[in-house]
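User: Can you walk me through this one? I'd like to go through the packing, the charges and the strands.

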Amino acid sequence: MVIVNTQGIVLRAVKYKENDLILTIFTRKLGKISAIAKGARRTKSDLLSSCQVFAYSTFTLKKQGNMYRVTQTEIIKSFYEISYDLDIFSYATYIIQLIDYNVEDEVTNNRLFILLAQTLYLLAKEEIDIVFIKDVFELKFLEYIGFKPIVNRCSNCGSKNLNNSVFNIYEGGVICENCRELFEYNMKIDLTTIRLMEYILNNDILTCNKAKVSKYIVKELDKILKRYLNQYIDNIGFKSLNLIQNIENKKGVE
């Protein structure tokens, strides 16, 4: 019988029978797994707090057939603050769904695990630019699952002179001034936005959160990433994305 101790973050919790939960957990050691938490819905259950969506805990897991069973947990951070703000909750839900729907089962990705934990930590704080944090997460998420856009050189010729360059989703990144006429569907991009994308890819999200970025640049970055994800990520059309789109429209983010 296989028993594993690992840190994990709950991505999804589905009611099962009278008092049980079927969890989808993104773990450090095992990647994304399914696990049953027996009796976790009982109010006095020791598993209750660790089995809520967003909860970051240490799990003791026992392999039973094709599924794991949660036998013991120790909460590290519940991130309960996220549920108090509808905007924050919507963004956090979108982020965990990106992972849930686009990461293969039982494939470890420690960099993505750390990114998720750090992102939830930031979303639970006050006074953050949630659109920018979402954008940072998306760009690093793309990198960690193998779809990183090329932003430090021309994706066609390799030139590092990016003055007057454009962004082309279908070519996977920035196109320099000399190559831009060769391609259709180019998108306007400010050189500052290019440098910001390179900065994000070279730093963790906690460091990126300290950067002072203008609303114009965040808006342009957000627009590019929306289109890039729609091209390269299949499972992106879910309700939370529509909800944050409504939130952004109210805030003037197109």
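User: Let's start in helix 3. How far apart are glutamate 138 and lysine 134 there?
Analyst: They are four residues apart in helix 3, so about one helical turn separates them. Keep in mind that this is a predicted model.

User: What do their side chains form?
Analyst: Glutamate 138 and lysine 134 form a salt bridge. The closest N and O atoms are 3.4 Å apart.

User: Is glutamate 138 buried or exposed? And lysine 134, buried or exposed?
Analyst: Glutamate 138 is buried, with a relative accessible area of 2%. Lysine 134 also counts as buried, at 2% relative accessibility.

User: Which residues are linked with them in a network of salt bridges?
Analyst: The network links Lys134, Asp135, Glu138, Asp222 and Lys226.

User: How many salt bridges are there in the whole structure?
Analyst: The search finds eleven.

User: Which residue does lysine 32 meet in a salt bridge?
Analyst: Aspartate 100, at 3.8 Å from N to O. Lysine 32 sits in strand 3, residues 31-37, and aspartate 100 in helix 1. The pair therefore ties together parts that are 68 residues apart in sequence.

User: Lysine 32, buried or exposed? Aspartate 100, buried or exposed?
Analyst: Lysine 32 is buried, with a relative accessible area of 7%. Aspartate 100 is buried as well, at 5%.

User: How accessible are arginine 195 and glutamate 198?
Analyst: Arginine 195 counts as partly exposed, at 39% relative accessibility. Glutamate 198 is partly exposed too, at 25%.

User: Now packing. Which residues touch the most other members of the largest nonpolar core?
Analyst: Ile82, Ile99, Leu116, Leu123 and Phe167. That core has 59 residues.

User: Which elements give two or more residues to it?
Analyst: Strand 1 (3-16) does, along with helix 1 (86-102), helix 2 (110-123) and helix 3 (130-144). Helix 4 (191-202), helix 5 (205-208) and helix 6 (215-232) complete the list.

User: Which helix gives the most?
Analyst: Helix 3, with ten residues.

User: Zoom in on leucine 116. What does it touch?
Analyst: Leaving out residues up to four places away in sequence, leucine 116 touches Ile9, Leu11, Phe26, Ile95, Ile96, Ile99 and Phe137.

User: How many residues are in the second, separate core?
Analyst: That core has 16 residues, among them Ala35, Ala37, Ala40 and Leu47.

User: On to the strands. How do strand 1 and strand 2 run, parallel or antiparallel?
Analyst: Antiparallel, with eight bridges joining them. Arginine 12 stands opposite threonine 24 in strand 2. The two strands form a hairpin with three residues between them. Lysine 17, in that turn, has a positive phi of about 55°.

User: How many bridges pair strand 2 with strand 3?
Analyst: Seven, in the antiparallel sense. Isoleucine 22 has isoleucine 36 in strand 3 as its bridge partner. A hairpin through three residues joins strand 2 to strand 3.

User: How many residues of strand 2 are buried?
Analyst: Seven of its eight residues are buried, so strand 2, residues 20-27, is mostly covered, with buried meaning under 20% relative accessible area.

Terms used. Residues numbered from 1 in each chain as written. Predicted model: local features only at pLDDT ≥ 70, side-chain atom pairs only at ≥ 80, totals over all residues. Heavy atoms only, no water. Core = buried A, V, L, I, M, F, W, Y, C linked by side-chain atoms within 4.5 Å. Buried < 20%, exposed > 50% of the residue type's maximum accessible area, 1.4 Å probe, protein only. Contact = heavy atoms within 4.5 Å. Salt bridge = Lys/Arg side-chain N within 4 Å of Asp/Glu carboxyl O. Pairing = 2+ DSSP bridges.
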